[in-house]
Amino acid sequence: MPEALLLKNLKAADRSAFLDSLFHYYVELSGLGGMAKPDLDALLVYLYVTYCCGRKFDAFQVSTDLKISESRAKSLWEKAELKYSQYEEGDAWVEILEIMANTTFELESIEKGQIYFKLDNPSLYRFFQKRVREYGTATYNKSAERVTIPLATLFKVLERIDDLSKTQFKTRNLDDITKNREITIRHIVQNLDPELRKKIKKKNGKLLGIEELPSHLASALSVAANLATVWPIIAACL
């Protein structure tokens, strides 16, 4: 009999932890047979991603390996993260910024000053949304794996994350947050139209040429100019 796929992808060193987690949730907490099938499915997806995929959720890989649709893989992973994960916000932002540092930003609407990017792990969006709500709103299209957000709001969130990473987040990867936050901000500016970037200048602490830009984009850059850790990165890209 060929070795089961799960065992092929599960390192020998992780098998004990995998079984401990399985028995903890399925037997100790629920009693044998007491867990509803949707919860069991979510648990198996959670354990598979955690122990067989290094906690890197890839909807295509999970759907292929576990023989389910990508939409079901996303739904089960999101449910599993809420139900079984002890994830800290700082760790979530390490992953969010890693994704953002390696994605492409596009202007959804120059007139509205909105930008969008791909976020392919739906379970991370709740951590992103938590900080967005302090300043504004964003939308998340799960099927397209796309976040749309006003540029000014995103700048404020990135400024806030810099502060939280130094004062509240419990993570050993603070250097990754700093590095990927800077890469993310550079990507945002570098994905603006080159002609727009040429119009944006700074002199004696004031933006020049900004009146030539669409009002919402000009407003977003004015917000950025007052953010202590965001603006120096933007200015270096202009």
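In which hand does α3 pass α4 in their crossing? In this predicted model, the crossing of α3 past α4 is right-handed. Two packed helices are described by the angle between their axes and by the distance between those axes. For helix α3 (residues 37–52) and helix α4 (residues 59–66), the angle is about 115° and the axes lie 12 Å apart. On the side of α3, the contact is formed by V45, Y48 and V49; on the side of α4, Q61, V62, D65 and L66 take part. Sorted by class, the residues of this contact comprise five nonpolar, one polar and one charged.

The crossing of α8 past α11 is right-handed. From α8, the residues L151, A152, F155 and K156 meet L217, A220, V223 and A224 of α11. Seven of the residues in the contact of α8 with α11 are nonpolar, none is polar and one is charged.

Helix α8 also packs against helix α6, with the two axes coming within 13 Å and crossing at roughly 135°. The helices α6 and α8 are therefore oblique to each other. Their crossing is left-handed. In this contact, α6 contributes W93, L97 and M100, while α8 contributes L154, V157, L158 and I161. The contact of α6 with α8 holds seven nonpolar residues, with no polar and no charged ones.

Rolling a probe the size of a water molecule over the atoms shows where empty space is left. The largest pocket has a volume of about 260 Å³. Its lining is made up of K56, F57, D58, E95, E98, I99, N102, T103, K118, D120 and N121. Helix α6 (residues 89–101) supplies the largest share of this lining, namely three residues. By class, the lining of the largest pocket has two nonpolar, three polar and six charged residues.

Conventions: Residues numbered from 1 in each chain as written. Predicted model: local features only at pLDDT ≥ 70, side-chain atom pairs only at ≥ 80, totals over all residues. Heavy atoms only, no water. Left-handed = near helix turned anticlockwise from the far one by under 90°. Helix = DSSP H or I, 4+ residues; strand = E, 2+ residues; numbered from the N terminus. Contact = heavy atoms within 4.5 Å. Nonpolar A, V, L, I, M, F, W, Y, C, P; charged D, E, K, R; others polar. 1 Å grid on protein atoms, 1.4 Å probe; cavity = no way out; pocket = protein on both sides within 12 Å on 5 of 7 lines; lining within 4 Å. Points joined across faces, edges and corners; volume = space filled by probe spheres on them. Axes fitted to C-alpha atoms, helices over the stretch in contact; angles between N-to-C directions. Parallel < 35°, antiparallel > 145°, perpendicular 65-115°, else oblique.
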